[in-house]
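Biologist: I am new to this structure and should like to go through it by question and answer. May we begin once it is displayed?

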Amino acid sequence: MNIAIQFAYLIASVLFIIGIKKMNKTKEARTGNQLSALGMLVAILATVVQVQSISLVEILICVVIGSAIGLYISVKVEMTQMPEMVALFNGFGGLASLAVASSDYWLKTQELGQHVGPIIGTSAALSIFIGGLTFTGSIIAFLKLNGKISGKPIMFKGQHLVNLLLLIGAVVAAVVALMNQADSIYIIALVAIALVLGILVVIPIGGADMPVVISLLNSYSGMAACTTGFVLNNNVLIVSGALVGASGIILTQIMCKAMNRSLMNVLLGGFGQTASESGGEGEEVVVKEVGVEEAAMLFDAATSVIVVPGYGMAVAQAQHVIRELSEQCEKRGIEFRFAIHPVAGRMPGHMNVLLAEANISYDKLIEMEQINDDFSNTDLVFVVGANDVVNPAARNNPQSPIYGMPILNADKARTVIISKRSMGVGYAGIQNELFGYDNALMLFGDAKQTITKVVSEMKEM
Amino acid sequence: MSLESLIILLYVLVLASYLGFELISKVPPTLHTPLMSGSNAISGITIVGAILACNELGYGTVSKWLGMLALILATINVVGGYAVTDRMLKMFKKKK
């Protein structure tokens, strides 16, 4: 019996691995996700057969409640809200690991009066610590992303010292708890410290850095599951936790690289505050405006167009009219592509999902490295709701806070039209010198309204 | 737990992490959001531990309640994570 269960766990692990492998190709990704889900089902069934039939009722009740909530969220969530949802789910994962590890620890030390060995004890303490930190950290990230609390960094004096002291406190609490296992107060203290520390490490990080934070918390939720695997001596938890942990770390690295920041720099927080001070002193940018008729004529006359979408496009709900624009252009035989910066949107790959939702074919969405050399032989670049990712200051102004960040070479195109509500600054809080360039034209107004007008002008041509 | 079983678990951890890095670095940036929500669902594997934790003693115990809390949360992750990932991946279409 036991060997059959272990074998089922092995099958589940293999299905998770094949599932992720299939994510390498957009065509097979959906099958991959379904295989992964099948693996989960196998793991769950192999676990359910181990429990006493008397416990099945409450297990079923919990599963029904959880499934209903999960399904409700997955159907209701808007694609723009995906970062919040992922943040929330990271938090749930962390809290679940904390609860499983402490349930096991509590059962053994408090209810059965046993002594837990150093390996399981350490694993349980790690699981509780990482899980607790992931939970509250994710909740803060969730609240920042959906605007319930300000996205601005919250800093106070001695913040890093407080965090360091709490970290030391957590280690001490864990060690003392493992030495006095009959006394539950220390393990409760560990839980409390982890929860407080989770809040404190995320509040100083600004809204623009949230893609890094949710990637990192994603990794932590995997590590929490992994350490829980050590507590329960269960390989499938370790394998899956390691896969998720690795995934989160890779995404974190990609995000940091795309912003030219070190992970340490992001975690210490406060980005965007100093930037706004130095940004104010730049000289006034003189811009040229373009009307919708003229913009429509420029599109009509072009042979190649590249759209640079930013999160502002999704805020204005302009992705569907941009698809209409692409249809108008393709009807005229104009090459029409999208240049996707790694930090476009608010989480890794977010922009691709937003455009896919608007029925834009995924082979039109080109990554930065692939498309950056094409800008110089492109007639028209259309920047919608993006700002810092096309700011040439990142290339040629060492004083700029975004200097060194890889950008899309939109300025190299023959003509650049920038759709913008006003002359406001981007996330980094700095002026964009591209707007003053000779080949740059500003199309002021709400992106959805102005592009709709451009499309109707083109239809009449 | 004996040191031997710890070593085996560490082997599993190291090899799985290495495999994870290899596989995930090949996922195209287009799919990074579904990758994240999908790995959210995979981290719901704690559901296995949660089910076992629910199988303990009577209702009066802290362990049982913690297990049930964990089970609800892990189920939300598993069901919600896979469902929303499927919903997203369904949208990725290529025009013929």
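**Annotated spans and the contact of two chains**

Modeller: UniProt, in an unreviewed entry, places the feature "transmembrane region" at residues 6-23, 57-75, 87-107, 119-141, 161-179, 185-205 and 237-256 of chain A. Please bear in mind that this is a predicted model.

Biologist: How much of the span 185-205 of chain A is helix?

Modeller: The span belongs to those that the UniProt entry lists as "transmembrane region" in chain A. Its end C-alpha atoms lie 32 Å apart, and its strand content is 0%. For residues 185-205 of chain A, the helix content is 86%.

Biologist: How far apart are the end C-alpha atoms of residues 161-179 of chain A?

Modeller: This span, too, carries the UniProt annotation. The chain is 100% helix and 0% strand over residues 161-179 of chain A. The end C-alpha atoms are apart by 27 Å.

Biologist: Which residues of chain B does UniProt list for "transmembrane region"?

Modeller: The model shows 100% helix over residues 6-23 of chain B, with end C-alpha atoms 25 Å apart. Residues 65-85 of chain B are likewise 100% helix, and their end C-alpha atoms lie 30 Å apart. The unreviewed UniProt entry lists, for chain B, residues 6-23 and 65-85.

Biologist: What area do chain A and chain B bury between them?

Modeller: The contact draws 101 residues from chain A and 83 residues from chain B. Carbon and sulfur atoms account for 75% of the buried area. Between them, chain A and chain B bury about 8,300 Å².

Biologist: Which side chains meet in a salt bridge at 2.4 Å, N to O?

Modeller: Across the interface, 21 residue pairs are in polar contact, both residues being at pLDDT 80 or more. The count of salt bridges between chain A and chain B is two. The pair at 2.4 Å consists of B:K64 and A:E58.

Biologist: Which element gives the most to the side of chain A that touches chain B?

Modeller: The elements giving two or more residues to that side include α1 (2-22), α4 (82-111) and α15 (350-357) of chain A. The residues of this side divide into 58 nonpolar, 33 polar and ten charged. With 17 residues, the element that gives the most is α4(A).

Biologist: Where in chain A is the pLDDT below 50?

Modeller: The mean pLDDT of chain A is 91, and 96% of its residues reach 70 or more. Where pLDDT is low, the predicted coordinates should not be read in detail. The stretch below 50 in chain A is residues 273-281.

Notes: Residues numbered from 1 in each chain as written. Chains lettered and ligands numbered in written order. Heavy atoms only, no water. Contact = heavy atoms within 4.5 Å. Buried area = accessible area lost by both parts, 1.4 Å probe. Salt bridge = Lys/Arg side-chain N within 4 Å of Asp/Glu carboxyl O. Polar contact = N/O pair within 3.5 Å; in protein donor to acceptor, adjacent residues only side chain to side chain. Helix = DSSP H or I, 4+ residues; strand = E, 2+ residues; numbered from the N terminus. Nonpolar A, V, L, I, M, F, W, Y, C, P; charged D, E, K, R; others polar. UniProt positions renumbered as here; feature names shortened; annotations may be inferred. pLDDT = per-residue confidence, 0-100.
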